[in-house]
Amino acid sequence: MENTKKTVVAIGKFDGFHVGHMKLLNVAIETAKQTGGKSLVFFIGRFAGLNHNCKYANEYALKIGFDEYHRQELTKDFMDLDAESFVKDILKEKLDCSHVVVGYNFRFAKDRCADAQMLKCICENYGIKCIIVDEVKLEDSEGNMQTVSSSFIRTLIAKGDMKEVKKFLGRPYSVKGTVQKGRQIGNQYGFPTANLSFPASFLLPPFGVYASRTNVNGKEYLSITNIGNNPTVSPCAMTVTVETNIFDFSSDIYGEEITVEFLEKVRDEIKFKSMDDLKQQIDKDRNFVLYNCK
C-alpha cells in the first residue's frame with residue numbers, strides 16, 4: 001500500500017547540526033509524531049564545512065529520528081523559483097507537506113528575496129502550517145551571550161578551542177578519514193599512529209596536539225592526535241598530516257575509515273631537539289589525556 005502520510009519538512013543548509021539546528025530539527029520530529037506525519041529533512045545546497053560530506057549528513061539525519069531526507073542541489077531552475085512557486089511546486093506538490101519548520105533567519109526564492117515571515121504567509125494559502133524557530137543563544141567562555149551559528153563555530157575551531165566548540169556544536173567536533181600507511185616512525189619509538197587521509201575541504205583545528213576520542217568499527221578509544229607537519233621528524237615537510245595514537249589498541253586498520261573527535265587542545269606543535277625529547281613529551285601528553293578525559 002502506498003504511504004500517504006503527509007510530511008513535516010525541516011528546511012535549511014544544516015551545515016553543522018549544531019545546537020541551534022537541533023532545536024529546529026527536534027521541533028520537526030515532534031510535530032510529525034503529534035500529527036502522524038513523516039518527518040523529512042530538506043537539505044539545501046552542497047554539504048561542506050562542519051558536515052564533511054553528504055553521506056555523513058544524511059546518516060545523521062536518520063540517526064536522530066527523521067524518516068526521510070532530501071538533498072536539493074542548487075540548480076538554475078531551483079535558484080530561479082519565486083517564493084510562491086517554491087511553496088506550491090516543492091512543498092505542496094513534491095513533498096506533500098502539511099507543516100514546514102524553518103529558522104528565524106531563513107531566506108529562500110530567487111536572489112534570496114523572501115524570508116521566514118513571507119514563507120508563513122504564502123503557506124497559509126496552501127493549507128501548510130509554518131513554524132518559525134527562534135535563535136539559540138549560549139554563554140561563551142568570556143561570559144557573553146552568543147547566537148549559535150556555523151560561522152561562529154568555525155571561528156572557534158580555527159582558534160583550537162575544542163571545549164567551546166563542543167558547547168556550541170552539542171558534541172565534540174570530529175573528522176572522518178581513511179587510515180593510510182605512513183613512514184611508521186612512531187612504531188620505532190613505541191607510539192604507533194593511525195595516519196588519516198581525507199578531502200582537503202575538511203575543516204581542521206590549527207596545528208597542535210589534541211586530546212581525542214577515536215571510533216574504530218563502532219568502538220571508542222581515548223587517543224591523542226597531532227595536526228601539523230611533524231617538524232621534529234620532517235623538518236622540511238610541507239604536507240599537513242593528522243596522526244592519531246590510539247590508546248590500548250594494536251589492530252591493523254589500514255584502509256579502514258575511522259572517526260576522530262577533538263576533545264581539548266593539549267599544546268602547540270613543537271620541534272624537539274631529539275626523538276627522545278619527543279617521546280618524553282608524548283608520554284606527558286598521554287598522561288594528560290588519561291587523567292583529564294576519562
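F14 is placed in the loop between strand 1 (7-12) and helix 1, where helices (H or I, at least four residues) and strands (E, at least two) are DSSP runs numbered from the N terminus. This is a predicted model, in which local features need pLDDT of at least 70 and side-chain atom pairs count only at pLDDT 80 or more, while totals for chains, interfaces and linings use all residues. Residues are numbered from 1 along each chain as its sequence is written, and side-chain values use heavy atoms, with hydrogens and water left out.

Although F14 is not a glycine, its phi is positive, at about 45°. Most residues other than glycine have a negative phi. F14 counts as buried because its relative accessibility is 2%; buried means under 20% relative accessible area, exposed over 50%, and partly exposed in between, with a 1.4 Å probe and protein chains only. A positive phi is also found for R112, a residue other than glycine, with a value near 50°. R112 lies in the loop between strand 5 (107-108) and strand 6 (114-115).

## H21 in helix 1

H21 belongs to helix 1 (residues 19-35) and counts as buried because its relative accessibility is 13%. The side chain of H21 reaches the backbone nitrogen of F17 at 3.1 Å. A polar contact is a pair of N or O atoms within 3.5 Å; within protein, one must be able to donate a hydrogen and the other to accept it, and residues adjacent in sequence count only if both atoms are side-chain atoms.

When residues up to four places away in sequence are not counted, H21 touches F14, D15, G16 and S150. Contact here means heavy atoms within 4.5 Å.

A10 is located in strand 1 and is buried, with a relative accessible area of 0%. A10 and V100 are separated by 90 residues in sequence, yet they are 5.9 Å apart in space, C-alpha to C-alpha. With neighbours within four places in sequence left aside, A10 is in contact with L24, L25, A28, L40, V41, F42, F66 and V101.

F86 is located in helix 4 and is likewise buried, with a relative accessible area of 1%. In sequence, F86 and A109 are 23 residues apart; their C-alpha atoms are 6.7 Å apart in space. Not counting residues up to four places away in sequence, F86 touches I11, F42, F78, L81, L91, F108 and L119.

## Packing of helix pairs

Two packed helices are described by the angle between their axes and the distance between the axes. Axes are lines fitted to C-alpha atoms, for helices over the stretch in contact, and angles run from 0 to 180 degrees between N-to-C directions. The axes of helix 4 (residues 83-94) and helix 5 (residues 116-125) come within 10 Å and cross at roughly 55°. Helix 4 is therefore oblique to helix 5; angles under 35 degrees count as roughly parallel, over 145 as roughly antiparallel, 65 to 115 as roughly perpendicular and the rest as oblique. Helix 4 passes helix 5 in a right-handed crossing. The contact involves A83, E84, F86, V87 and L91 of helix 4, together with M118, L119, I122 and C123 of helix 5. A crossing is left-handed if the near helix is turned anticlockwise from the far one by less than a right angle, and right-handed if clockwise.

Helix 6 (residues 150-159) and helix 7 (residues 162-169) pack at an angle of about 160°, and their axes are 8 Å apart. These two helices, helix 6 and helix 7, are therefore roughly antiparallel to each other. The crossing of helix 6 past helix 7 is left-handed. F152, I153, L156 and I157 in helix 6 meet E164, V165, F168 and L169 in helix 7.

## S212 in strand 12

Which strand holds S212? S212 lies in strand 12 (residues 208-216), and it counts as buried at 0% relative accessibility. A polar atom of the S212 side chain lies 3.5 Å from the backbone nitrogen of I224. Leaving aside neighbours within four places in sequence, the contacts of S212 include Y221, L222, S223, I224 and T225, as well as T244, V260, E261 and L263.

## The chain as a whole

The secondary structure of the chain comprises 9 helices and 15 strands. Of the 294 residues in the chain, 48% are buried. Among contacts between residues at least 6 apart in sequence, 70% join residues at least 24 apart.
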